[in-house]
Amino acid sequence: AFGTSDVARIRVEETPDQAAYDPNDATLREAALKLQEGLKAPTVEKEEAIWTEIIEKYEGLQGDWVPEIVGRTYGNRGNARSRQGKFETALVDYEKAIELCPWSVEPVLNRGVLYENTGQLALAERDYRAVLQANPEDPVGWNNLGNVQMGTGNFTEALVSLDRATRLSPEFAFAAANHSLAQFELGESNLAIKEMRAILRRYPEFPESRAALAAALWAEGLEVQAETEWQRVNDPRYK
């Protein structure tokens with residue numbers, strides 16, 4: 001485990017007023033265009049290189065906009081590095097983004113995802129709760145918290161979190177899928193299977209729910225139905 005730092009309260013009240021930035025600042029306009037270039041990069045490697053270029057060029061400058069632009073860039077580079085499995089350097093980037101943008105939920109949320117992906121569930125839960133303290137209406141935060149709670153076997157708590165996520169965002173397919181899994185783990189197999197089928201009627205190409213439905217049907221002794229659903233899972237991760 002390489003995550004050790006404590007989380008501070010996300011100070012949303014300190015969110016900068018972008019309207020106060022000087023629209024005639026040529027350096028700001030240049031940096032903003034470079035940010036757009038990074039977001040449109042054709043590969044994650046190129047994306048990471050652009051974020052590094054922005055950090056090296058603008059980090060030492062003076063200007064009311066510099067902490068936000070550079071902080072967001074650190075967060076973006078953390079995301080690019082995390083997608084490549086560079087978790088330790090990604091974590092360093094997230095820490096710097098949090099330092100520069102203490103008002104932003106994004107780097108805390110994304111650091112939580114990194115912790116979750118590396119099995120550090122207590123640290124992930126800590127970050128997700130910080131996000132939800134700052135924004136109790138964040139469906140992604142509730143979904144991710146529910147994921148972690150399922151990972152630690154707290155299925156009753158997970159169901160509460162996932163119910164909150166699905167109520168806040170009824171179109172959030174992953175939250176709905178996780179909600180059905182929590183129901184199944186709590187022994188509500190009929191409700192869970194019904195919910196899985198409802199998700200697949202809306203999103204027939206959703207492999208996570210299709211695989212979950214196949215597993216649930218198999219566990220209930222409905223082998224023929226399970227095999228039928230399994231054959232419809234079109235995703236190499238499940239083959």
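Mentor: Start with the second largest pocket, which holds about 160 Å³ of space. Remember that this is a predicted model.

Trainee: Which helix gives the largest share of the lining of the second largest pocket?
Mentor: Look at who lines this pocket: Thr166, Phe172, His179, Glu195, Ile199 and Tyr203 are among them. Helix H9 (173–185) and helix H10 (189–202) each supply at least two lining residues. The largest share is four residues, and the helix that supplies them is H10.

Trainee: What is the volume of the largest pocket?
Mentor: Find its lining before the number. Tyr21, Leu28, Leu35, Glu68, Arg72 and Asn76 are among the residues there. The volume of this largest pocket is about 190 Å³.

Trainee: Which helix supplies the largest share of the lining of the largest pocket?
Mentor: Two helices, H1 (26–39) and H3 (66–83), each give at least two residues. By class, the lining has six nonpolar, three polar and two charged residues. The largest share is five residues, and they come from H1.

Trainee: Now Glu48. Is Glu48 buried or exposed?
Mentor: Glu48 sits in helix H2, residues 44–58. Buried means under 20% relative accessible area. Glu48 has 11% relative accessibility, so it counts as buried.

Trainee: Which side chain joins that of Glu48 in a polar contact of 3.0 Å?
Mentor: List the contacts of Glu48, leaving out residues up to four places away in sequence. They are Arg77, Ala80, Arg81, Gln84 and Lys86. The side chain that makes the 3.0 Å polar contact with Glu48 belongs to Lys86.

Trainee: How far apart in space are Glu48 and Thr73, C-alpha to C-alpha?
Mentor: Along the sequence, Glu48 and Thr73 are 25 residues apart. In space, their C-alpha separation is 9.7 Å.

Trainee: What about Asp93: buried or exposed?
Mentor: Asp93 lies in helix H4, residues 87–100. Beyond its neighbours within four places in sequence, Asp93 contacts Tyr74, Arg77, Gly78 and Arg81. Its relative accessibility is 1%, and therefore Asp93 counts as buried.

Trainee: Which helices do the buried residues of H6 pack against?
Mentor: First place H6. It covers residues 121–134 and has 14 residues. From first to last C-alpha it reaches 20 Å, close to the 20 Å expected at 1.5 Å a residue. Its buried residues include Leu123, Arg126, Asp127, Tyr128 and Val131. They pack against H5 (106–117) and H7 (139–151).

Trainee: Is Val108 buried or exposed?
Mentor: Val108 has its place in helix H5. The cut-off for buried is under 20%. Val108 has a relative accessible area of 2%, so the answer is buried.

Trainee: What distance separates the C-alpha atoms of Val108 and Tyr94?
Mentor: Count along the chain first: Val108 and Tyr94 are 14 residues apart. Then look across space. Their C-alpha atoms are separated by 7.3 Å.

Methods. Residues numbered from 1 in each chain as written. Predicted model: local features only at pLDDT ≥ 70, side-chain atom pairs only at ≥ 80, totals over all residues. Heavy atoms only, no water. Buried < 20%, exposed > 50% of the residue type's maximum accessible area, 1.4 Å probe, protein only. Contact = heavy atoms within 4.5 Å. Polar contact = N/O pair within 3.5 Å; in protein donor to acceptor, adjacent residues only side chain to side chain. 1 Å grid on protein atoms, 1.4 Å probe; cavity = no way out; pocket = protein on both sides within 12 Å on 5 of 7 lines; lining within 4 Å. Points joined across faces, edges and corners; volume = space filled by probe spheres on them. Nonpolar A, V, L, I, M, F, W, Y, C, P; charged D, E, K, R; others polar. Expected span 1.5 Å × (residues − 1).
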